[in-house]
Amino acid sequence: MELTFDHKPAAHCENGVISNMLRFYGFNISEPMIFGLASGLFFSHMPFVKMSGMAVTSFRTFPGVLFSRISKLLGFKIHTKRYLREEKAIADMEKILFSGKPVGCVVGMYYLPYMPMEYRFHFNGHNICIIGKEEETGNYIVSDPNAMQKVTISKRDLIKVRFAKGGTYPLLGQMYWIEKTPKQLPDLAPLIRKAIKKNCWLMTSQPSWLPYFGANGIPFLGKRILKWESEMGARKAALNLAQVIRMLEEIGTGGAGFRYMYGAFLQEAAEITGIQELNEFSKRITEIGDMWRDFAYKSARIFKKRQGEQYSYEEISAILMKIGELEARFFRELKEAV
Amino acid sequence: MKVDEVPQDLKYFENTVLRDVAYAVDENGKYTSVISDGWSVKNDALELTMDGIYEECEEIRQRVLAGETSLLEYYAAKNIMDVDLLSDYTGISKRTIRKHFDPKVFSQLDRETLEKYADALRITVEQLTTIPE
């Protein structure tokens, strides 16, 4: 049994599952539009939250938030469930699947059989969508936005990833599905304006004494990395830097920590709202994205040296200070434009 | 980033179904999504992280050879699991796991316990009890 589900790869898993699911119900909304409507862009650097012993840096809003924001905005009725018993979590999922609805699951990356070894981290916030079951093998057919084609997973592995332990937070078989769709989508223009305003607020509303979140966080990180080498030695400093680069580029950000995705959203937003100025803002965030890539490139040259290319922590720190200033100004001015 | 600047540096995605999706602007300044094989910069970052793990594993392997610790500690490190996480996955208490890091205690373990560990560490019992080259 397999639903007629059009699998399209996406940059990010959560946007991707939502976008694919909505398309299943006949609503075509692009990944950047979902990201923008959900005010998904963010920055945080939290020395008090550790992953593998290193401070967590993030370029987007917290996991799960996108889905609840977007369903509320567009008027979809979503059902979310968590479980204590593994068998029940599978039985319920099958029931919904066989009633003809794709089921989204929040899973751990670690035991996903199709992940390459190097991507098997104990990260419990990946999203996949169950869209069928093979009769012969009993394996489930999966639409994973990070995979180019549909994949399969055995029941045993699915239980393992849905009940992934420890790490940042343990999973309780969390799954979600769309229970009711609206007859038609609401008028997007006012929602887009509201979503942009909200994202501007998320990025700029923090008082200066709260340095971890929003545009404030970028120079905060910039100042911190200056001390890394003297505080923890070259090796540990390099590992910390690599961690920042991985968060910026690796886990489905669409490049430059979601900045390009937001640029794509602003272009679509300009078309729908008729606010031409948003095209200019799209260009500006693209340039900021290019600076993030420059930061990533030069950082990589610090921990993996190449002949003729020498960069210091001072130089990459200076890039972050500049980006912080530009993003703060960008979101202050964007707020005025909508 | 322009469409023709989207990096195509295939390394860790090789022979997998995974790819990146990047957003980039085309010649008319319009954003579009482009499939990417990866970027050398993040491959470097990933390599450094993996090297860190391999170095730690090698150091533990040497201690296994010297009879100072058990293969359980080696495979836990290889799976980036600390005692807390290994305990969560196996249901074996942290204290007991630490005892099993003692090679003498480890060599006496029954099949059932070994299977529990092997299952959590995604290896066979044979691998769990054989020192890798």
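Start by selecting chain B, where 39 Å separate the centres of domain 1 and domain 2, taken over C-alpha atoms. The domain assignment gives domain 1 as 3-38 and domain 2 as 52-128 in chain B; such bounds come from an automatic or database domain assignment. A quick word on the ground rules: this is a predicted model, where local features need pLDDT of at least 70 and side-chain atom pairs count only at pLDDT 80 or more, while totals for chains, interfaces and linings use all residues. Residues are numbered from 1 along each chain as its sequence is written, and chains are lettered from A and ligands numbered from 1 in the order in which they are written.

**Where the chains meet**

Now show both chains. Here 28 residues of chain B are in contact with 41 residues of chain A (contact: C-beta atoms, placed from the backbone, lie within 7 Å). On the chain B side, β1 (20-25), α1 (40-65) and α3 (83-90) each give two or more residues. Helices (H or I, at least four residues) and strands (E, at least two) are DSSP runs, numbered from the N terminus. Color α1(B): its 9 residues are the largest share of the side that touches chain A. By class, that side of chain B has 19 nonpolar, 3 polar and 6 charged residues. Ala, Val, Leu, Ile, Met, Phe, Trp, Tyr, Cys and Pro count as nonpolar, Asp, Glu, Lys and Arg as charged, and the others, Gly among them, as polar.

The contact takes 8 residues from domain 1 of chain A and 11 residues from domain 2 of chain A. Helix α2 (residues 31-37) of chain A gives 5 residues, the largest share of the domain 1 side.

**The sheet**

Next, which order do the 6 strands of the open sheet in chain A follow? Trace β3-β8-β4-β5-β6-β7, with antiparallel pairing (strands pair if DSSP finds at least two bridges between them). At the edges sit β3 (77-81) and β7 (151-153) of chain A, each pairing on one side only. Zoom in on β4 (residues 103-107) and β5 (residues 126-133) of chain A, which pair over 5 bridges. There, Val107(A) stands opposite His126(A) in β5(A).

**Into the core**

Select Ile130(A), Ile245(A) and Met261(A): they touch the most other members of the largest nonpolar core, which has 111 residues. A nonpolar core is a set of buried Ala, Val, Leu, Ile, Met, Phe, Trp, Tyr and Cys residues joined through C-beta atoms within 7 Å. Beyond four places in sequence, Ile130(A) touches several residues, including Met93(A), Leu97(A) and Tyr140(A).

Hop to Leu97(A), in helix α4 (residues 86-98) of chain A. Is Leu97(A) buried or exposed? Buried, because 21 other C-beta atoms lie within 10 Å. The cut-offs are 20 or more other C-beta atoms within 10 Å for buried, 12 or fewer for exposed, and in between for partly exposed, with C-beta atoms placed from the backbone. Leu97(A) and Gly132(A) are 35 residues apart in sequence, yet 7.0 Å apart in space, C-alpha to C-alpha.

**Last stop**

Finish at Lys322(A), in helix α10 (residues 313-337) of chain A. Lys322(A) counts as partly exposed because it has 16 C-beta neighbours inside 10 Å.

Technical notes. Contact = placed C-beta atoms within 7 Å.
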